[in-house]
Amino acid sequence: MSGAAPSGPFGPREFQLVLLRRMADHQPGLVEDARHELGATLAEMREANRRWQAMVRAPRGRGALRRYRSVLGEPESTGRRAIGDLECDVLLWPVPLWPDLRFEVMVAPGGAVWNEWLVRARGAAAPVLLTVDDLVPWSCTVDEVARAFAPARPMEGSAPTRFALGVGVGADAFVAEFTWGLLQRVVPGG
């Protein structure tokens with residue numbers, strides 16, 4: 001056997017493996033459980049990530065929005081959202097591993113993808129976030145933490161798909177770290 005993983009269609013299952021691959025740095029146990037839920041091997045997860053990276057870096061590849069549409073199909077819903085003076089198109093896709101979440105892609109005028117991450121599905125119950133102890137990995141999104149612990153300070157993440165929020169000051173300060181918009185961990189500081 002050559003060890004090469006099959007290169008079948010790249011669809012929603014493979015995309016979920018890409019999301020998991022980046023999350024494995026902080027939550028290997030949760031990723032392992034999710035990978036088993038998808039019926040995927042480690043080799044399949046690595047291959048999905050390799051193929052995704054090849055699509056992202058292809059010199060004449062599809063633009064980001066076309067890539068998402070080709071991988072995830074037609075969005076479940078679309079809309080518009082104002083971010084300051086900028087009007088963005090918003091596209092949402094279901095993510096079977098997280099049925100209460102959607103993968104959101106925000107597209108600026110001209111077609112550039114401005115943001116891409118997991119958000120709570122419309123109508124799905126959000127977690128109650130009152131204290132730092134309520135911040136359980138994979139339980140909440142960036143927007144939910146920012147609202148619950150306002151004023152949270154946006155911070156640059158440690159990788160392209162990562163984001164952080166600084167919350168509080170002094171001894172009570174903490175940083176909530178997210179991958180693809182989903183909470184991964186909380187660390188002291190801020």
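**Helix packing and sheet order in a predicted model**

Author: In this predicted model, helices H3 and H4 pack with their axes 10 Å apart, at an angle of about 145°. The crossing of H3 past H4 is right-handed.

Reader: Which residues make the contact of H3 and H4?

Author: H3 contributes Trp52, Met55 and Val56, and H4 contributes Arg67, Tyr68 and Val71. By class, the residues of this contact are five nonpolar, no polar and one charged.

Reader: How many residues does H3 have, and what span does H3 reach?

Author: Helix H3 covers residues 42-57, which is 16 residues. From first C-alpha to last, H3 reaches 23 Å, close to the 22 Å expected at 1.5 Å a residue.

Reader: Which residues of H3 are buried?

Author: Buried here means under 20% relative accessible area. In H3 that applies to Met45, Glu47, Ala48, Asn49, Arg51 and Trp52. Their cover includes helix H1 (12-23), helix H2 (28-37) and H4.

Reader: Where does H4 lie relative to the strands?

Author: Helix H4, residues 64-72, lies across E2, E3 and E4 and runs at about 20° to E2.

Reader: What is the order of the strands in the sheet?

Author: The sheet is open, with four strands in the order E1-E2-E3-E4 and antiparallel pairing. Strands E1 (77-83) and E4 (113-120) each have a single partner strand, so one side of each is left without a neighbour in the sheet. From one strand to the next, the twist averages 25°.

Reader: Over how many bridges do E2 and E3 pair?

Author: Strand E2 (residues 86-94) and strand E3 (residues 101-107) pair over six bridges, in the antiparallel sense. Proline 94 stands opposite arginine 102 of E3.

Notes: Residues are numbered from 1 along each chain as its sequence is written. This is a predicted model: local features need pLDDT of at least 70, side-chain atom pairs count only at pLDDT 80 or more; totals for chains, interfaces and linings use all residues. Side-chain values use heavy atoms; hydrogens and water are left out. Two strands pair if DSSP finds at least two bridges between them. Helices (H or I, at least four residues) and strands (E, at least two) are DSSP runs, numbered from the N terminus. Axes are lines fitted to C-alpha atoms, for helices over the stretch in contact, and angles run from 0 to 180 degrees between N-to-C directions. Contact means heavy atoms within 4.5 Å. The expected span of a helix is 1.5 Å times one less than its number of residues. Buried means under 20% relative accessible area, exposed over 50%, partly exposed in between (1.4 Å probe, protein chains only). A crossing is left-handed if the near helix is turned anticlockwise from the far one by less than a right angle, and right-handed if clockwise. Ala, Val, Leu, Ile, Met, Phe, Trp, Tyr, Cys and Pro count as nonpolar, Asp, Glu, Lys and Arg as charged, and the others, Gly among them, as polar.
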